[in-house]
Amino acid sequence: MSDVDATIRKVLETHGRLPVSASALKDDDDLYQSGLSSHASVNVMLALEDAFDVEFPDALLRKGTFQSVAAIREALESLGVVVGPG
Amino acid sequence: MKILVGIDVQPIDEVEASMSEFGSRYTRRLFTDHELQSCGENPRTAASGLAGRFAAKEAVLKILDLQGTIPSWKEIEVRRTEGGRPEIVLSGGAADLARRQGVEQMSLSLSHGGGIATAAVVAQLAQRPTGTSQ
């Protein structure tokens with residue numbers, strides 16, 4: 001698991017209010033199906049901004065951006081975060 | 001006449017925790033100046049009002065046919081009429097979605113209790129959505 005993936009899962013663990021452990025989620029598991037609420041996704045977004053020193057533009061404030069660990073990683077990559085090998 | 005109903009709940013303590021952790025980055029991302037002013041500056045009482053407004057935004061999103069796009073949170077605004085009743089005011093992409101869907105009018109009710117804020121929205125739709133040819 002890359003450092004980026006580990007940080008995403010840590011943010012999900014602390015801010016996602018998920019009923020399951022974020023470490024148990026597969027990359028493509030649907031976070032909303034796993035219990036992520038819209039309000040919690042806002043907290044996840046703000047915590048990701050802090051963790052990676054980025055700002056999510058309005059264009060990325062879509063449900064799909066936070067649909068899965070893989071989708072979050074892709075969004076972070078589009079913001080310039082370098083994702084190393086897993 | 002076609003009617004659609006959207007309803008949502010929001011735990012107030014979650015909003016209070018977000019305000020405490022992220023401050024204005026959180027509130028400015030979700031709420032308009034009017035909404036923030038309406039709810040006051042006391043964090044405890046503001047959290048209750050803002051939780052209701054967040055629930056209202058979610059309730060509206062349940063009514064709109066999003067087609068993969070979620071409007072900005074601030075494009076769905078809760079305003080108070082002079083008489084004190086809450087009302088939904090849409091702008092930007094949210095207003096476009098509602099217009100295309102034929103939403104003519106929305107009615108909002110807010111309630112708080114037991115640590116939960118609740119919003120119910122009823123939308124009245126035109127018989128034929130705007131932009132359709134039949």
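Around B:Val60

Modeller: Apart from neighbours within four places in sequence, B:Val60 is in contact with B:Gly6, B:Ile76, B:Ile88 and B:Val121, contact meaning that the C-beta atoms, placed from the backbone, lie within 7 Å. This is a predicted model, in which local features need pLDDT of at least 70 and side-chain atom pairs count only at pLDDT 80 or more, while totals for chains, interfaces and linings use all residues. Residues are numbered from 1 along each chain as its sequence is written, and chains are lettered from A and ligands numbered from 1 in the order in which they are written.

B:Val60 is, with B:Ala56 and B:Val121, among the residues with the most contacts inside the largest nonpolar core, which has 54 residues; such a core is a set of buried Ala, Val, Leu, Ile, Met, Phe, Trp, Tyr and Cys residues joined through C-beta atoms within 7 Å, and buried means that 20 or more other C-beta atoms lie within 10 Å of a residue's own. Helix 4 of chain B, residues 43–63, gives the most to this core, with 11 residues; helices (H or I, at least four residues) and strands (E, at least two) are DSSP runs, numbered from the N terminus.

Turning to the strands, strand 2 (residues 76–80) and strand 3 (residues 86–90) of chain B pair in the antiparallel sense over 5 bridges, pairing requiring at least two bridges found by DSSP. B:Ile76 stands opposite B:Leu90 in strand 3 of chain B, and the two strands form a hairpin with 5 residues between them, where B:Gly84 in the turn has a positive phi of about 100 degrees.

Definitions and conventions: A residue is buried if 20 or more other C-beta atoms lie within 10 Å of its own, exposed if 12 or fewer, and partly exposed in between; C-beta atoms are placed from the backbone. Two residues are in contact if their C-beta atoms, placed from the backbone, lie within 7 Å.
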